[in-house]
Amino acid sequence: RDLEEVVDTCSQWNPSSIQAIWTQHTQESPSLDHTKLLQRLEAKSIVALKQSKSLWLTKILQPQSLETIVQELKISSQEFPIPAQIVLDLHGQTALPKEILNIVGSQGANLWFGPEGGLSDDEIQSILGLPHSLSLKLGDKRLRAITAPIFTLGYLEGLLAAQI
């Protein structure tokens, strides 16, 4: 249910895609059939497209493990520029450096946030091993997994608008 609300709200900002990830703290089993969940998330993306009067439909990607996605990004980064990698973490930086903000504006960003309980230290470090990555602290309050991505998209939108 919480993931559906995240997809519905975040899709109004028109991200290119949203992908659920399996982490050390994920409570759902990766072995379950998630076909119906993906169908509901795709429907939420369509509703958001209509709500925001957008021309861009956010693609809902198949869930994968965090390790698989990080490995794929490492391989891709050897041949192509990849988006900025922004990990939401209570111990991160409080501001985006101009270099990372420029990459977000030109190539986009992958926003990484964990389930309730967050990402493990090892998972955070594996993401931070990717090019153009940083750990971002969104303030002193601990945000729920449902709130953090929504807040972050608004934050990035404000930074990018201020840059123009």
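By strands and helices I mean DSSP runs, numbered from the N terminus, with helices being H or I of at least four residues and strands E of at least two.

Before going on, a word on what we are looking at. This is a predicted model, where local features need pLDDT of at least 70 and side-chain atom pairs count only at pLDDT 80 or more, while totals for chains, interfaces and linings use all residues. Residues are numbered from 1 along each chain as its sequence is written, and side-chain values use heavy atoms, with hydrogens and water left out.

Back to the strands. β3, residues 84–93, is joined to β5 by five bridges, and the two run parallel. For two strands to count as a pair, DSSP has to find at least two bridges between them. The whole sheet is open and has three strands, in the order β4-β3-β5, with parallel pairing. Because β4 (109–112) and β5 (133–136) stand at the edges with a single partner strand each, one side of each has no neighbour in the sheet. On average, neighbouring strands here are turned by 35 degrees against each other, direction ignored.

What covers the faces of β5? On one side sit S133 and S135, on the other L134 and L136, and all of these are buried. Buried means under 20% relative accessible area, exposed means over 50%, and partly exposed is in between, using a 1.4 Å probe and protein chains only. As a general point, side chains in a regular strand alternate between the two faces of the sheet.

Now the helices on this sheet. Helix α3, residues 66–77, packs on the sheet and touches β3 and β4, with its direction at about 160 degrees to that of β4. Helix α6, residues 148–163, packs there too, touching β3, β4 and β5, and its direction makes about 115 degrees with that of β3. These angles run from 0 to 180 degrees between N-to-C directions, with axes as lines fitted to C-alpha atoms, for helices over the stretch in contact. Touching, or contact, means heavy atoms within 4.5 Å.

While we are on α6, please find L160, which belongs to that helix. Its relative accessibility is 26%, so L160 counts as partly exposed. Leaving aside neighbours within four places in sequence, L160 is in contact with L101, V104 and G105. L160 and V104 are 56 residues apart along the chain, yet their C-alpha atoms are separated by 8.3 Å.

For contrast, take T23, in the loop between β1 and α2. Is T23 buried or exposed? T23 is buried, at a relative accessible area of 12%. Not counting residues up to four places away in sequence, T23 touches L66, P115, L119 and E123.

On a 1 Å grid over the protein atoms alone, a cavity is a set of points where a 1.4 Å probe fits but cannot get out; a pocket is an open set with protein on both sides within 12 Å along at least five of seven lines, and lining residues have an atom within 4 Å of a point. Volume is the space filled by probe spheres set on the points, which are joined across faces, edges and corners.

The largest pocket holds about 1,700 Å³ of space. Of its 50 lining residues, I18, Q19, A20, L111 and F113 are the closest to the centre. β1 gives the largest share of that lining, six residues. By class, this lining divides into 27 nonpolar, 15 polar and eight charged residues. Here Ala, Val, Leu, Ile, Met, Phe, Trp, Tyr, Cys and Pro are nonpolar, Asp, Glu, Lys and Arg charged, and the others, Gly among them, polar.

The second largest pocket comes to about 470 Å³. It has 23 lining residues, with L88, D89, L90, G118 and L143 nearest its centre. Our strand β3 gives the most to this lining, four residues.
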